[in-house]
Structures are given as structure tokens and as C-alpha cells.
Amino acid sequence: MTTATPDARLILKDVAKSFTNHLRGGVHLPVVAGVSFRIDAGEVVVLGGPSGVGKSSILRMIVGNYAAERGQILMRSSADAAFVDVAAASPREVIALRRNVVGYVSQFLRAIPRVSALDVVAEPLLARGIGQADARRQAGELLERLNLPSALYDLPPATFSGGEKQRVNIARGFLTDHPILLLDEPTASLDNANRDVVCGLIADKRKAGVAILGIFHDEEVRCRVATRIVDVSGFSARRAAA
Ligand SMILES: Nc1ncnc2c1ncn2[C@@H]1O[C@H](COP(=O)(O)OP(=O)(O)OP(=O)(O)O)[C@@H](O)[C@H]1O
């Protein structure tokens, strides 16, 4: 299952993560071990399992926010490209992978003071060399699809509602054409109409051959978007240690 095929974009091999709490006398908290799965282009794999089992931690290791303790996290942009191991990558390599290979929609928007919603969304396109007018136009079109009132485009998102902030975050993550996309509960604060829009955006990405890995607590959304579910309970380090 974790062998490389031409379609493979993301391969995890025997990945493990635990935390050590230095403020609590070095308490050691094993989270996951033996995490092994593969995602091909055009798949939407959803991580399942109970709260606290390690789903978000796996996404954060893939995007390089958390260091993997063991194992390999191999990713590539196309069938012709070489795999890069995020688990062994330098900070500079991680930044390049985030710019070009792996997109990430986190649970919460990290609002930058004084930067407008439109520019927050357009920024990843600018970083990839697209001109400002074009980037802002594309950002506006996506925000419109996500039903964000145009009166908000020029305002910084800091004072937006939870659902409005989440839609800015989704637009920022979906605007680029990263070949791998990670989604951490992108529909959590959305109403039904906008949940439908996000399901449509995910379907478009899948058709374009993007390899998607997501967490969705909403069962209806999970059933609509998932092509496969990976149950993280099977990798629980606590269960293995018990
Ligand atoms: N930075 C951190 N420092 C210490 N412990 C952490 C850290 N991040 C996560 N954990 C712990 O790791 C475990 C797994 O957390 P994680 O957020 O990955 O679970 P989850 O399956 O995504 O949960 P949920 O479904 O509730 O979001 C939890 O026990 C959590 O407390």
C-alpha cells in the first residue's frame, strides 16, 4: 500500500509522533506510531478516529509544522518529479514545498493586522510569481463563489465572524494549484450553503488530479467527499503501549 506508483503523490512510511511536556516534569505523551499510507493523484483521503487520536498532528507533520519523530513523509508534485522527504527536509526545503507542492487549510485563519481579506487570499499567488492585478482578480472570484459579501473584501479579517474568517482561509488554500492539499476541518463553522460550495471546490480539485488529505467531523460532508477513509485509531501509540 505504501509503494510508489506513478500516481502516488504522498507516502507516509512508519511515521511516529509523541510530545514531551517540559513544564510538567518531562511527561511523555505518545500519540501515533507506525503511520503508513499512500495518497494518489485524484484521491480524497479522510482521516477518521476519535478526538485526540492524532489526526491534526499527522497533518501538521506533513506540512512540516511538527517534526516527525520517526519514519518518512515523501511527497512530489508530479509523476516525473523526485520524492522529497519532509521528515528530513531543511527549513528552507519545507518553505519551498509549502510554496509549490503542499497546500494547507488550517482550522483557523491567522489574520495579519491591516492586510485586507482580498490580499490575504491573493498572497500565495503573489509568492508564486503571479502579478498583483491577476492575483487579486482570482481572489475576488473565489471569495464571490464562497458568498463573502464584497463589502468585506477590503477589510482586514480580524473582526470577521467565524464563518467569514473560515471562508477567507479556504479561499487562500484553494486558490493555488498545489498538487497536494491538506484540509483540517474546513467546513466546521459554515452554514449548509457554504458547506455545499466547499464540497464543490473539493470535487473540482479532485477532478484536476490533486491528492487531498482531510479531516471532517461532519459525517455528511465526509461521506460526500471521501474516496477512502484512513482510521487513525489503528496507529494509536497509546493503544499499542497499553
Ligand atoms: N503541541 C502539542 N503539545 C503537546 N501535546 C499535543 C500537541 N499537539 C497535540 N497534542 C496532543 O496530541 C494528541 C493528539 O492531538 P490531535 O490534535 O492530533 O488529535 P485529533 O485527532 O486531531 O483531535 P480532534 O479530533 O479533537 O481535533 C492529543 O492528546 C493532544 O493533546
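Y104 lies in strand β6 (102–105) of this predicted model; helices (H or I, at least four residues) and strands (E, at least two) are DSSP runs, numbered from the N terminus. With 21 C-beta neighbours inside 10 Å, Y104 counts as buried. A residue is buried if 20 or more other C-beta atoms lie within 10 Å of its own, exposed if 12 or fewer, and partly exposed in between, with C-beta atoms placed from the backbone. Residues are numbered from 1 along each chain as its sequence is written. Because the model is predicted, local features need pLDDT of at least 70 and side-chain atom pairs count only at pLDDT 80 or more, while totals for chains, interfaces and linings use all residues.

- Not counting residues up to four places away in sequence, Y104 touches V63, G173 and L182; two residues are in contact if their C-beta atoms, placed from the backbone, lie within 7 Å.
- The C-alpha atoms of Y104 and I62 are separated by 9.6 Å, and these residues are 42 apart along the chain.
- E69 and Y104 are 35 residues apart in sequence and 21 Å apart in space, C-alpha to C-alpha.
- E69 is placed in the loop between α1 and β4 (70–75), and it counts as partly exposed, with 17 C-beta neighbours inside 10 Å.
- The contacts of E69, residues up to four places away in sequence not being counted, are A16, K17 and S18.

**Helix α4**

- Helix α4 (residues 132–145) has 14 residues, which should span 20 Å at 1.5 Å a residue, and its end C-alpha atoms are 20 Å apart, in agreement. The expected span of a helix is 1.5 Å times one less than its number of residues.
- The residues A135, A139, L142 and L143 of α4 are buried.
- Seen down the axis of α4, its buried residues fall within an arc of 100 degrees, so they line one face of the helix; the arc is that of the directions from the helix axis to the C-beta atoms.
- An α-helix has 3.6 residues a turn, so residues three or four places apart point the same way.
- The exposed residues A133, D134 and E141 are carried on the face of α4 turned away from its buried side.
- The cover over the buried residues of α4 includes α3 (117–127) and α5 (162–175).
- N147, whose phi is positive, near 60 degrees, follows α4.

- α5 has 14 residues and reaches 20 Å from its first C-alpha to its last, close to the 20 Å expected at 1.5 Å a residue.
- Twelve of the 14 residues of α5 are buried, and the helix is mostly covered. Among these buried residues are E164, K165, R167 and R172, together with I170, A171 and F174.
- The buried residues of α5 pack against β6, α3, α4, β7 (180–184) and α6 (192–207).
- The largest nonpolar core has 67 residues, of which I73, V121, A139 and A171 touch the most other members. A nonpolar core is a set of buried Ala, Val, Leu, Ile, Met, Phe, Trp, Tyr and Cys residues joined through C-beta atoms within 7 Å.
- Leaving aside neighbours within four places in sequence, A139 is in contact with L118, V121, A122, A171 and L175.

**Ligand surroundings**

- The ligand is surrounded by F19, L29, V31, S51, G52, V53, G54, K55, S56 and S57; a residue is near a molecule if its C-beta atom, placed from the backbone, lies within 6 Å of it.
- β2 (27–40) and α1 (55–62) are the elements that give two or more residues to this shell, and α1 gives the most, with three residues.
- The shell divides into four nonpolar, five polar and one charged. Ala, Val, Leu, Ile, Met, Phe, Trp, Tyr, Cys and Pro count as nonpolar, Asp, Glu, Lys and Arg as charged, and the others, Gly among them, as polar.

**Positive phi values and a loop glycine**

- D14 lies in strand β1 and has a positive phi of about 55 degrees although it is not a glycine.
- D14 is partly exposed, with 14 other C-beta atoms within 10 Å.
- E185, in the loop between β7 and α6, has a positive phi near 50 degrees and is buried, with 20 other C-beta atoms within 10 Å.
- G25 is found in the loop between β1 (8–21) and β2, where it is exposed, with 6 other C-beta atoms within 10 Å.
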